[in-house]
Amino acid sequence: MTGRDAIDCCWADYMSAIPAGNPIPAHFDAWPFGADGEDELADELAELVVRGIKTATSSLLTSYEDEPRPIEQIGEHSVVLMSTGEPRCVIEMTEVRTLSFDQVDADFSADYGEGERTLAWWREHLGDYYAAEAAAHGRSFSGETPLVCKRFRVVHRCGD
């Protein structure tokens, strides 16, 4: 089965599992976590999501302008992919808000599910990550830099 066929099969399985009378999502996106070329990280994060450890993520607000793409909305669905394009699960956005880097709190950093799951760890590692990403696009980074902070829940595990 090709990557797109596997994604479509996962989505179809999810759609068939939605109880009658519940709202049917109009569309979905499919993507791996991390940046291009971060295959090991993408796979690690997909597994953290499937296990329910990672329930939050964030992006530089400017990345939406650079690509360009719309900011996710509450209720939107995505198929989380492994680096190989294999679908692992379907997630639903439960919270989307824009905060400055310095406004991110301990609860969000714990829900991020990575590393020590502390605010100190999150600020150190994500600060470095976002500073490098901003610099790659000719932008500066500071504690005032806006992030799109998203929480989500797994609504379907692919292949289950």
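Reader: On strand β2, which residues lie on one side and which on the other, and are they buried or exposed?
Author: This is a predicted model, in which local features need pLDDT of at least 70 and side-chain atom pairs count only at pLDDT 80 or more, while totals for chains, interfaces and linings use all residues. Residues are numbered from 1 along each chain as its sequence is written, and side-chain values use heavy atoms, with hydrogens and water left out. Strands (E, at least two residues) and helices (H or I, at least four) are DSSP runs numbered from the N terminus, and buried means under 20% relative accessible area, exposed over 50% and partly exposed in between, with a 1.4 Å probe and protein chains only. In β2, Ala56, Ser58 and Leu60 are on one side and Thr57 and Ser59 on the other, and all of these are buried.

Reader: What is the order of the strands in the open sheet, and why is one side of β1 and of β2 left without a neighbour?
Author: The sheet has five strands with mixed pairing, in the order β1-β3-β4-β5-β2.

Reader: How many residues of β3 are buried, and which residues stand opposite Val80?
Author: β3 joins β1 in parallel through four bridges, and pairs with β4 (residues 87-100) in the antiparallel sense over five bridges. Five of the five residues of β3 are buried, so this strand is largely enclosed by the rest of the structure. Val80 of β3 stands opposite Trp31 and, in β4, opposite Cys89.

Reader: What is the phi of Gly85 in the turn of the hairpin?
Author: The hairpin is formed by β3 and β4, with five residues between them. Gly85 lies in that turn, and its phi is positive, at about 95°.

Reader: How many aromatic pairs does a search of the whole structure find, and what is the angle between the planes of Phe33 and Phe152?
Author: Rings of Phe, Tyr and Trp (its six-membered ring) pair if their centres lie within 6.5 Å, and planes under 30 degrees apart count as stacked, over 60 as edge-to-face and the rest as tilted. The search finds nine aromatic pairs. Phe33 and Phe152 have ring centres 6.1 Å apart and the pair is tilted, because the angle between their planes is 45°.

Reader: Where do Phe101 and Trp122 lie, and which aromatic cluster holds them?
Author: The two rings are stacked, at 5.0 Å centre to centre with 25° between the planes. Phe101 is in the loop between β4 and α4 (106-111) and Trp122 in helix α5, so the pair ties together parts 21 residues apart in sequence. Both residues are buried, and they belong to one aromatic cluster formed by Phe101, Phe108, Tyr112, Trp122 and Phe141.

How values were computed
Two strands pair if DSSP finds at least two bridges between them.
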